[in-house]
Amino acid sequence: MPNWRYFTERELACRHTGICKMDPAFMSRLIALREAVGKPLIITSGYRDPSHPLEAKKPRGGSHAMGRAVDIAATHGFALDIIRKALALGFTGYGIAGTYIHLDDVPEGGVPVRPALWTYGA
Ligand SMILES: [Zn+2]
């Protein structure tokens, strides 16, 4: 069992398969973010197996399938605080949704292209 301090394997595991293959370097960054923010981070999506419905429709696995992404429940000031701290910690992917923030640390020069910021259109 990994020691992720503030996070459990259960909350980061794929909601479709129960498999959890989070990248260790990403988890170190996420733990640093949790400490910088100073409040619990509610994970709504962590690892996604390539067979997860959201991944299976992509031509290749995205950042969640790489174990290098989370979606964190947050809005308004809390969302902005998370983004400010995440920028300082070197996260490279920022997805802004109505009720959550997607963060990943996919390396620059790879696929998907980073750095990047996007919104989730209606
Ligand atoms: Zn996401």
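Where does Asp105 lie? Here are some friendly notes on that residue and on the charged groups and metal site of this predicted model.

1. **Asp105 and its place in the chain.** Asp105 sits in the loop that runs between β4 and β5. Its relative accessible area is 3%, and because buried means under 20%, Asp105 counts as buried.

2. **Partners of Asp105.** Two arginines reach this aspartate through their side chains. The side chain of Arg29 makes a polar contact with the side chain of Asp105 at 2.9 Å, and the side chain of Arg68 makes a polar contact with it at 2.9 Å. Setting aside neighbours within four places in sequence, the residues in contact with Asp105 are Ala25, Phe26, Arg29, Arg68, Phe91 and Thr92.

3. **The zinc site.** Have a look at the metal next. Three residues coordinate the zinc ion: His64 through NE2, Asp71 through OD and His102 through ND1, at 2.0 to 2.1 Å. Along the sequence, these donor residues follow the spacing H-x6-D-x30-H.

4. His64 has a relative accessible area of 3% and is buried. Asp71 is buried too, with a relative accessible area of 4%.

5. **A network around Arg48.** Arg48 also meets Glu55 in a salt bridge between their side chains, at 3.1 Å from N to O. Glu55 and Arg48 are both buried. If you are tracing the charges on screen, follow the network of salt bridges that links Arg48, Glu55, Lys58 and Asp71.

6. **Arg114 and Asp104.** Another salt bridge joins the side chains of Arg114 and Asp104, at 2.7 Å from N to O. The two residues are ten residues apart and link distant parts of the chain, with Arg114 in the loop between β4 (100-104) and β5 (116-119) and Asp104 in strand β4. Both Arg114 and Asp104 are buried.

Key
Residues numbered from 1 in each chain as written. Predicted model: local features only at pLDDT ≥ 70, side-chain atom pairs only at ≥ 80, totals over all residues. Heavy atoms only, no water. Donors = N, O, S within 2.8 Å, 3.2 Å for Na, K, Ca; no water. Buried < 20%, exposed > 50% of the residue type's maximum accessible area, 1.4 Å probe, protein only. Salt bridge = Lys/Arg side-chain N within 4 Å of Asp/Glu carboxyl O. Helix = DSSP H or I, 4+ residues; strand = E, 2+ residues; numbered from the N terminus. Polar contact = N/O pair within 3.5 Å; in protein donor to acceptor, adjacent residues only side chain to side chain. Contact = heavy atoms within 4.5 Å.
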